[in-house]
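The sequence and the coordinates come first.

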Amino acid sequence: MSADKSTSWSYAEDLPAEDEVLLHARERSFELGVTPIGPGVGAVLTVLAAASKAQTAVEIGTGAGVSGVCILRGLGPQAVLTTIDVDVEHLKAAREAFHEAGSPANRTRTISGRAGDVLPRLTDGAYDLVFIDADKPNYPSYVEQAIRLLKSGGLLVVNDALDKDRVANPAAREATTAVLRQIGKSIRDDDRLASAMLPTGDGLLIAVKK
């Protein structure tokens, strides 16, 4: 990356202004040892949720609520976010963030459990947006479940899709890199989807279900 390109990326990442709600959620994330999405990814999530006019969204990997708040801010007033995490402390922190954001309790559904166990219980074709930000080895199964869950025209968003710039490097052979590289190719080649890779954050892979 050229110096100018790197500077432009940093500028774009830092451009979104975050309020006290998101800053508090970030503090909780660090206390829990969770790496939250950056401001750039958060802003994109809000825009995607708003532009898609999503009424139902699923988040795989709650963290401490940073991404959930960003998604909720793009959703309509009657829309519902379902967020899944295996760690009850993460879910508790997220509920605090949602409350501070002024989101009514009936707009969020927090589910404790392994996503691999929870996702099969959700209804086929019932969701407008699915955001994946969880354990990388299970991304392939999460993506397949997400495609099943999405309505026609629904959005799939995969976080950390460039794996710290390793996905683009053929010499990088780390296990997570191989998984994410394959995910990128499989989504690109899937006739059910139209996709694009954004360099936002650590890579944001987005796809629309046809």
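The sections below cover the basis of the values, then the helix contact, the pocket and the loop residues.

## Basis

This is a predicted model, in which local features need pLDDT of at least 70 and side-chain atom pairs count only at pLDDT 80 or more, while totals for chains, interfaces and linings use all residues. Residues are numbered from 1 along each chain as its sequence is written, and side-chain values use heavy atoms, with hydrogens and water left out.

## Helices α2 and α4

Two packed helices are described by the angle between their axes and the distance between the axes. Helix α2 (residues 20–32) packs against helix α4 (residues 66–74) at about 155°, and their axes are 9 Å apart. That angle makes α2 roughly antiparallel to α4 (the term applies over 145 degrees). Axes are lines fitted to C-alpha atoms over the stretch in contact, and angles run from 0 to 180 degrees between N-to-C directions. Helices are DSSP runs of H or I with at least four residues, strands are runs of E with at least two, and both are numbered from the N terminus.

On the α2 side, Val21, Leu22, Ala25, Arg26 and Ser29 meet Val66, Val69, Cys70 and Arg73 of α4 (contact means heavy atoms within 4.5 Å). The residues of this contact divide into 6 nonpolar, 1 polar and 2 charged. Here Ala, Val, Leu, Ile, Met, Phe, Trp, Tyr, Cys and Pro count as nonpolar, Asp, Glu, Lys and Arg as charged, and the others, Gly among them, as polar.

## Val66

Val66 lies in helix α4 and is buried, with a relative accessible area of 3% (buried means under 20%, exposed over 50%, with a 1.4 Å probe and protein chains only). Leaving aside neighbours within four places in sequence, Val66 is in contact with Leu22, Ala25, Arg26, Ser29, Pro36 and Ile37. The C-alpha atoms of Val66 and Ala94 are separated by 7.5 Å, at 28 residues apart along the chain.

## Largest pocket

The lining of the largest pocket takes at least two residues from each of α4, β2 (80–85) and α6 (115–118). This lining divides into 13 nonpolar, 14 polar and 8 charged residues.

## Loop between β5 and α8

Asp160 is in the loop between β5 (150–159) and α8 (175–189), and its phi is near 60°. Asp165 lies in the loop between β5 and α8 and has phi near 70°. Most residues other than glycine have a negative phi. Asp165 is exposed, with a relative accessible area of 58%.

Note on methods
Angles under 35 degrees count as roughly parallel, over 145 as roughly antiparallel, 65 to 115 as roughly perpendicular and the rest as oblique.
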